[in-house]
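Subject: Structure handover

Hi,

Here is the structure I promised to pass on.

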Amino acid sequence: MNRDAEIACDLFKKCNYFLSLFKGTDTEGWVELQDKWLKDVMEDSTLLPWQMNEWQVMEREFKKAFVDYARHKKANDELRKLKMKDGNIDAYIT
């Protein structure tokens, strides 16, 4: 996205554009909650956490709500494959 574009400069527009990219029932509830929160912040900016702007809060909430499950699954699979070789317990623990 072009940094000079109006949508990039206006944090409300940026957040609303971001929310418009979500489709489907899996994300519907989260998007509705964020949309309601944005409307509330428009009416009362004191709802923003100290030293955070709308986009920072939106990004934080997104990261909390949507986890990269593939990354966790891969890490768990790798842990299950670990086996001690040649009786070397120190290398296994490391």
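Helices (H or I, at least four residues) and strands (E, at least two) are DSSP runs, numbered from the N terminus.

Please keep in mind that this is a predicted model: local features need pLDDT of at least 70, side-chain atom pairs count only at pLDDT 80 or more, and totals for chains, interfaces and linings use all residues. Residues are numbered from 1 along each chain as its sequence is written, and side-chain values use heavy atoms, with hydrogens and water left out.

Now the helix packing. The axes of α2 and α4 come within 8 Å and cross at roughly 25°, and the two helices are therefore roughly parallel to each other. Where they meet (contact means heavy atoms within 4.5 Å), α2 brings Leu11, Phe12, Lys14, Cys15, Phe18 and Leu19, and α4 brings Glu54, Trp55, Met58 and Phe62. By class, that contact has eight nonpolar, no polar and two charged residues. For the classes, Ala, Val, Leu, Ile, Met, Phe, Trp, Tyr, Cys and Pro count as nonpolar, Asp, Glu, Lys and Arg as charged, and the others, Gly among them, as polar.

Next, α2 and α3: their axes come within 10 Å and cross at roughly 165°, which makes α2 roughly antiparallel to α3. α2 passes α3 in a left-handed crossing (left-handed if the near helix is turned anticlockwise from the far one by less than a right angle, right-handed if clockwise).

For α3 and α4, the axes come within 12 Å and cross at roughly 160°, so α3 is roughly antiparallel to α4. The crossing of α3 over α4 is right-handed. Trp30, Gln34, Trp37, Leu38 and Val41 from α3 meet Glu54, Val57, Met58, Glu61, Phe62 and Ala65 from α4.

What sits in the largest nonpolar core? It has eleven residues: Cys15, Phe18, Leu19, Trp30, Val31, Trp37, Leu38, Val41, Leu48, Val57 and Met58. Such a core is a set of buried Ala, Val, Leu, Ile, Met, Phe, Trp, Tyr and Cys residues joined through side-chain atoms within 4.5 Å. Two or more residues come from each of α2 (11-20), α3 (25-43) and α4 (54-65), and α3 gives the most, with five. Leaving aside neighbours within four places in sequence, Met58 is in contact with Cys15, Phe18, Leu19, Trp30, Gln34 and Leu38.

A few single residues to look at:

- Gln34 is found in helix α3 and is buried, with a relative accessible area of 8%. Buried means under 20%, exposed over 50% and partly exposed in between (1.4 Å probe, protein chains only). Beyond four places in sequence, Gln34 is in contact with Leu19, Met58 and Glu61.
- Gln51 lies in the loop between α3 and α4 and is exposed, at 64%. Most residues other than glycine have a negative phi. Gln51 has a positive phi of about 60° although it is not a glycine.
- Met84 is in the loop between α5 (69-81) and α6 (89-93). Met84 is partly exposed, at 43%, and touches Ile89 and Tyr92, not counting residues up to four places away in sequence.

Cheers

How values were computed: Axes fitted to C-alpha atoms, helices over the stretch in contact; angles between N-to-C directions. Parallel < 35°, antiparallel > 145°, perpendicular 65-115°, else oblique.
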